[in-house]
Amino acid sequence: ISHAVIGSLYVIVLTALLALPLGVAAAVYLEEYGGRSRLARLIELNIANLAAVPSIIYGLLGLGLFVRTLGLGRSVLAGAATLALLALPVVILSTREALRTVPPSIREGSYALGATKWQTIWYQVLPMALPGIMTGLILAMSRAIGETAPIITIGALTYVPFAPDSLWSPFTVLPIQIFNWVSRPQAAFKANAAAGILVLLALLLTMNALAVVLRDRAQRK
């Protein structure tokens with residue numbers, strides 16, 4: 001099971017590194033710069049649609065875009081990029097809500113001291129919104145770590161006897177390993193699947209606990 005656990009960690013960490021900057025940047029543009037322009041309305045409409053799309057559709061998109069068109073193959077990077085698309089709507093929507101909770105007086109005080117709009121966003125607005133952003137990231141990663149359909153669709157292996165050692169390595173993740181065990185008729189594999197589910201839950205709770213600690217620390221600061 002260690003190879004599946006390491007593969008899951010690779011994929012979920014890379015997913016967070018891809019989804020968080022893109023999601024926060026999109027939310028900042030929509031909330032602080034976009035206004036009611038046509039581009040902003042078009043992006044908002046697409047985000048609302050993406051939030052309701054079944055996860056298997058993200059798998060088909062990842063297969064066509066990342067695996068075949070961009071030539072990433074069935075690698076860790078392709079899997080993480082596919083899950084990042086899945087997580088983006090949650091990150092964007094939660095970040096926008098967090099930005100709206102920042103009092104206008106913070107922005108006005110920053111402008112009064114001579115700061116530019118970007119300096120105000122970077123030094124005042126984003127630090128105050130960080131707890132809400134972290135909450136959205138926790139929700140997005142909690143959904144992504146348990147997804148099986150998109151990863152299977154892009155061609156992740158059901159079992160590999162080695163751990164990934166780079167972004168281009170073949171990989172498997174814990175949900176796929178559990179799915180593989182559940183589909184087998186022998187009773188021993190059912191016990192393995194139950195143990196794998198407990199490990200996946202422990203991994204999810206550990207990651208969430210770490211993110212909650214970081215969020216609370218930022219909130220106190």
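Q: What volume does the second largest pocket have?
A: The model is a predicted one. Rolling a probe the size of a water molecule over the atoms shows where empty space is left. For the second largest pocket, the volume comes to about 200 Å³.

Q: Which element gives the most to the lining of the second largest pocket?
A: Pro127, Met128, Leu130, Pro131, Ala218, Gln219 and Lys221 line this pocket. The elements that give two or more residues to its lining are H6 and H9. With 4 residues, the element that gives the most is H6.

Q: How many residues of the lining of the second largest pocket are charged?
A: Lys221 is among the residues that line this pocket, and Lys counts as charged. The lining divides into 5 nonpolar residues, 1 polar and, as charged residues, 1.

Q: How much space lies in the largest pocket, and which residues lie nearest its centre?
A: The space in the largest pocket is about 280 Å³. Its lining is made up of 13 residues. Nearest the centre lie Ala16, Leu137, Met141, Met207 and Ala211.

Q: Which element supplies the largest share of the lining of the largest pocket?
A: Two or more residues of this lining come from each of helix H1 (2–34), helix H6 (117–145) and helix H9 (187–220). The largest share is 5 residues, and it comes from H9.

Q: How many residues of the lining of the largest pocket are nonpolar?
A: The lining of the largest pocket holds no charged residues. There is 1 polar residue in this lining. The number of nonpolar residues is 12.

Note on methods
Residues are numbered from 1 along each chain as its sequence is written. This is a predicted model: local features need pLDDT of at least 70, side-chain atom pairs count only at pLDDT 80 or more; totals for chains, interfaces and linings use all residues. Side-chain values use heavy atoms; hydrogens and water are left out. On a 1 Å grid over the protein atoms alone, a cavity is a set of points where a 1.4 Å probe fits but cannot get out, and a pocket is an open set with protein on both sides within 12 Å along at least five of seven lines; lining residues have an atom within 4 Å of a point. Grid points are joined across faces, edges and corners, and a volume is the space filled by probe spheres set on the points.
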